[in-house]
Amino acid sequence: MKKSKLPAVFFLTLTLFSCSQKKVNSDNPLMITFNTPFKSVPFDKIRPEHFKPAFEAAMTDARATLGKIISSTEKPTFSNTVEALEQTSYSLKRIEQVFFNINSAETNKEIQQIAQEISPVITEFYNDITLNESLFSRVKQVYGDRETLDLTLEQRKLLEDTYKSFIRNGANLTPEAKEEYRQVTSKLSKLTLKFEENLLAETNAYQLNITDEGELAGLPDFVKEAATLEAKSKNLSGWLFTLKAPSYQPFMKYADNRKLREEMYRAYNSRGFHNNDKDNQEIIRSIVNLRLRMANLLGYKTYADYILEERMANSPQKVNDFLGDLLSASIPAARSDYQEIQAYARKLGANIEIQRWDWAYYAEKLKNERFSITEEMTKPYFRLEQVEQ
């Protein structure tokens, strides 16, 4: 999904937002103030069918407010233009963050279908803001008067970010270029979402179901217990390992079975590259080309030039110089570490050349031998009841 284009200097954490719809649907938890501790998101009350009405209501409400800003006959000021614009999409942003958090962490086919439908609509909504000539004219007038305005440091930052956001999102393009920009950003919103869905599907599809306890050698009890529960949740016997981080990482770190470590490693690092209906190769090419075209439309040589303009590095050359310096400085240490792990593996009787699926395994063993510390030893100190204040 395309990023929200309006700056968010005053954009509080989503848990502190409250909806601003005039017509409140009390049956939809996304359309009312969260009546929870700290106004945190009531995920247990939110259902897939709540999202589309909430999105539609939030955008309708925001468009009405935008219309008032645009049609105002008052002289543009920080308050009636920039600050009003900043407040326009609070409700929409809150719903976006809740929805796409769920889509990333606990999605299903219904949620994914909604995402496919709503992403281009949201992208178009933000395009309608930054590509609106009348709205940009008001923002530009306030920006032009900035030296004469009595603004706080925070207000000045918001004004500068708002103006820059319009420029970086097509406000100065010709009508023809604006139309192409709309098409490019719409395609990008769909493709990036499809890429993420494919990656998640490939992650969820892989299962390593072990029924021979001998193949669990090296795995701590907490890893085996989690794998048992995972197998039971899928109505399988034995132990089930997946490519999700809580399962994948401990397996790569502790499993003695090198063949299975290699299988897991290759499965994890080839997600989306199996020439099937979840393949991401052509999607990646399309995303790269569309990002380049978008950057060119906005006057940048590359997408890296566009994206880094707002980052600490400022330019691709600085990034490349930094990475080159980092590489030169780290290669001697990396080679030394590799040689140390290689020698340690052979000391343990493994007549192998260390591969990527071996690194975490032997590094963990060396750490335990050298410092006598394991994850099992530290776990009791990080139980929830031990660390919560």
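1. Basis. The model is predicted, so local features need pLDDT of at least 70 and side-chain atom pairs count only at pLDDT 80 or more, while totals for chains, interfaces and linings use all residues. Residues are numbered from 1 along each chain as its sequence is written, and side-chain values use heavy atoms, with hydrogens and water left out.

2. Aromatic pairs. The whole structure holds 15 aromatic pairs. Rings of Phe, Tyr and Trp (its six-membered ring) pair if their centres lie within 6.5 Å; planes under 30 degrees apart are stacked, over 60 edge-to-face, and the rest tilted. Phe-125 and Tyr-126 make an edge-to-face pair, with 5.2 Å centre to centre and 75° between the planes. Ring pairs also join Phe-51, Phe-55, Phe-99 and Phe-100 into a cluster.

3. Are Phe-125 and Tyr-126 buried or exposed? Phe-125 is buried, at 1% relative accessible area, and Tyr-126 is buried at 1%. Buried means under 20% relative accessible area, exposed over 50%, and partly exposed in between (1.4 Å probe, protein chains only).

4. Charges over rings. Arg-94 lies over the face of Phe-34, 3.8 Å from the ring centre. Arg-271 lies over the face of Tyr-268, at 3.9 Å. The test is that NZ of Lys or CZ of Arg is within 6 Å of the ring centre and within 35 degrees of the ring normal.

5. The second largest pocket. This pocket has a lining of 16 residues, and nearest its centre lie Thr-107, Gln-112, Leu-200, Ala-201 and Asn-204. A pocket is an open set of points, on a 1 Å grid over the protein atoms alone, where a 1.4 Å probe fits, with protein on both sides within 12 Å along at least five of seven lines; lining residues have an atom within 4 Å of a point. Helices H3 (90-105), H4 (109-130) and H7 (175-205) each supply at least two lining residues, and H7 gives the largest share, 7 residues. Helices are DSSP runs (H or I, at least four residues), numbered from the N terminus.

6. Ser-119. This residue is in helix H4. Ser-119 is buried, with a relative accessible area of 0%. Its side chain reaches the backbone oxygen of Ala-115 at 2.9 Å.

7. Thr-65. This residue lies in helix H1 (residues 48-71) and is partly exposed, at 28% relative accessibility.

Notes. A polar contact is a pair of N or O atoms within 3.5 Å; within protein, one must be able to donate a hydrogen and the other to accept it, and residues adjacent in sequence count only if both atoms are side-chain atoms.
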